[in-house]
Amino acid sequence: MALIPNPKPPRPLFVAFRRALREVRSAEDAPTSVSVAYNLHTSSKKMQPICRFVSGMTLKEAIMQTHAHSKKAANMLSYVLRKSERDAVEGMKMNKDLLVINNLLVARGDVMKDARLYQGKVNFYNRQFLHVRVVLRQATPEQYQCFLDYEAFMTKKDLWEKHRQEWLELNPPETHGKRMPFQNRSTSVDSRLEGYW
């Protein structure tokens with residue numbers, strides 16, 4: 001399941017992110033990679049919300065978010081993003097650590113007519129396919145840092161890391177999977193359950 005973004009980021013952080021996104025999208029001299037995946041077996045109705053969610057993210061974050069998503073269309077998009085990353089790095093010699101998704105376009109693909117035979121009757125139906133076009137741009141390190149700051153706030157990564165550290169302090173790794181006694185018990189319960197543990 002994907003992380004739920006916070007709806008209200010601080011104003012300066014949001015302004016810096018929007019400015020960096022605008023600069024990346026309008027820079028004509030920035031290295032650009034375009035890759036297309038043809039005839040994915042899903043509908044555009046399922047793919048478009050995920051593409052809208054991912055558009056404007058750094059490529060690493062987008063791959064992580066789509067890979068962790070529970071929908072099949074998101075897993076398909078994760079595969080397409082990894083393919084586009086490989087094309088950009090190997091084909092265009094772009095820096096893997098500075099890639100940003102400029103835009104994602106979803107177009108209706110081929111329609112394949114199919115037939116099913118059921119109880120002596122033939123039912124015809126259309127199988128939907130779609131094409132996904134991924135446009136990647138290489139940002140400058142300053143622009144990329146604006147993207148990282150905004151994404152860290154929106155996905156609350158610092159809070160997740162803080163809670164993870166607190167949890168590891170309370171439950172050291174050597175105790176994982178072992179049954180531990182209750183910590184908030186009265187002495188009478190302790191004495192009754194003394195031999196149980």
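Biologist: How many salt bridges does a search of the whole structure find?

Modeller: The search finds three salt bridges, and the model in question is a predicted one.

Biologist: What makes lysine 60 and aspartate 97 a salt bridge?

Modeller: Their closest N and O atoms are 3.0 Å apart. The criterion asks for a side-chain nitrogen of Lys or Arg within 4 Å of a carboxyl oxygen of Asp or Glu, so the pair qualifies. Lysine 60 belongs to helix α3 and aspartate 97 to the loop between α4 (72–91) and β2, so the bridge ties together parts that are 37 residues apart in sequence.

Biologist: Why is lysine 60 called partly exposed?

Modeller: Its relative accessibility is 43%. Buried requires under 20% and exposed over 50%, so a value in between is called partly exposed. Aspartate 97, at 41%, is likewise partly exposed.

Biologist: How do you know that lysine 83 and aspartate 87 are separated by about one helical turn?

Modeller: Both residues lie in helix α4, four residues apart. An α-helix has 3.6 residues a turn, so residues three or four places apart point the same way. The closest N and O atoms of lysine 83 and aspartate 87 are 3.4 Å apart, and the two form a salt bridge.

Biologist: What makes the pair of aspartate 114 and arginine 127 a link between distant parts of the chain?

Modeller: These residues form a salt bridge, with the closest N and O atoms 3.6 Å apart. Aspartate 114 is in strand β2 and arginine 127 in strand β3 (residues 121–138), 13 residues apart.

Biologist: Why is serine 33 called buried?

Modeller: Its relative accessible area is 4%. Serine 33 is placed in strand β1 (residues 32–40). Leaving aside neighbours within four places in sequence, its contacts include Ser84, Ala88 and Val134.

Biologist: Which residues of α5 are buried, and why are they said to line one face of the helix?

Modeller: The buried residues are Gln143, Tyr144, Phe147, Tyr150, Glu151 and Met154. Seen down the axis of α5, they fall within an arc of 125°, so they line one face. These buried residues pack against α1 (11–26), α3 (59–68) and β2 (99–118). On the other side of α5, Pro141 and Glu142 are exposed.

Key:
Residues are numbered from 1 along each chain as its sequence is written. This is a predicted model: local features need pLDDT of at least 70, side-chain atom pairs count only at pLDDT 80 or more; totals for chains, interfaces and linings use all residues. Side-chain values use heavy atoms; hydrogens and water are left out. Buried means under 20% relative accessible area, exposed over 50%, partly exposed in between (1.4 Å probe, protein chains only). Helices (H or I, at least four residues) and strands (E, at least two) are DSSP runs, numbered from the N terminus. The arc is that of the directions from the helix axis to the C-beta atoms. Contact means heavy atoms within 4.5 Å.
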